[in-house]
Amino acid sequence: VTIKIQVDRELCIGAQNCVRLAPTVFAIDDEGLAVVLPGEVPSTADVLAAEHDCPTHAITVTDGES
Ligand code: SF4
């Protein structure tokens, strides 16, 4: 399954929960906000955990087909 991950940088506060939970998927950039790294997602579960754990709900995970 292909999933699509987005970070709403207007909402992100740089709490880094996502980076802790899925360090190969998320990173913090120069502005101190999260970005989604390119490439394969090794674990959908980690990404969903990050989505769930983001304090500002800045992470959206959708089915890649939609
Ligand atoms: S967990 Fe949410 S607020 Fe924290 S860095 Fe990631 S996207 Fe931003």
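H52 counts as exposed in this predicted model, at 67% relative accessibility, where exposed stands for over 50% relative accessible area, buried for under 20% and partly exposed for the range in between, computed with a 1.4 Å probe on protein chains only. The place of this histidine, H52, is in helix α2, with helices taken as DSSP runs of H or I of at least four residues and strands as runs of E of at least two, both numbered from the N terminus. Between the C-alpha atoms of H52 and G39, which lie 13 residues apart along the chain, the separation is 21 Å. Residues are numbered from 1 along each chain as its sequence is written. Because the model is predicted, local features need pLDDT of at least 70 and side-chain atom pairs count only at pLDDT 80 or more, while totals for chains, interfaces and linings use all residues, and side-chain values use heavy atoms, with hydrogens and water left out.

Two residues stand out by their backbone angles. Most residues other than glycine have a negative phi. H57, although not a glycine, has a positive phi of about 55°; H57 is placed in the loop between α2 and β4 and is exposed, with a relative accessible area of 58%. Q16, likewise not a glycine, has a positive phi of about 70°; Q16 is found in the loop between β1 and α1 and is partly exposed, its relative accessible area being 37%.

Q16 also belongs to the surroundings of the ligand, since 13 residues surround the ligand and the closest are C12, A15, Q16, C18 and C54, a residue being counted as near if one of its heavy atoms lies within 4 Å. This shell divides into 9 nonpolar, 4 polar and no charged residues, with Ala, Val, Leu, Ile, Met, Phe, Trp, Tyr, Cys and Pro taken as nonpolar, Asp, Glu, Lys and Arg as charged, and the others, Gly among them, as polar.

C18 links the ligand shell to the largest nonpolar core, which has 17 residues and in which I5, C18, F26 and I59 have the most contacts; such a core is a set of buried Ala, Val, Leu, Ile, Met, Phe, Trp, Tyr and Cys residues joined through side-chain atoms within 4.5 Å. At least two residues of this core come from each of β1 (3-7), α1 (17-21), α2 (44-53) and β4 (59-63), and β1 gives the most, with 3 residues. Leaving aside residues up to four places away in sequence, C18 touches P23, F26, A34, A50 and I59, contact meaning heavy atoms within 4.5 Å.
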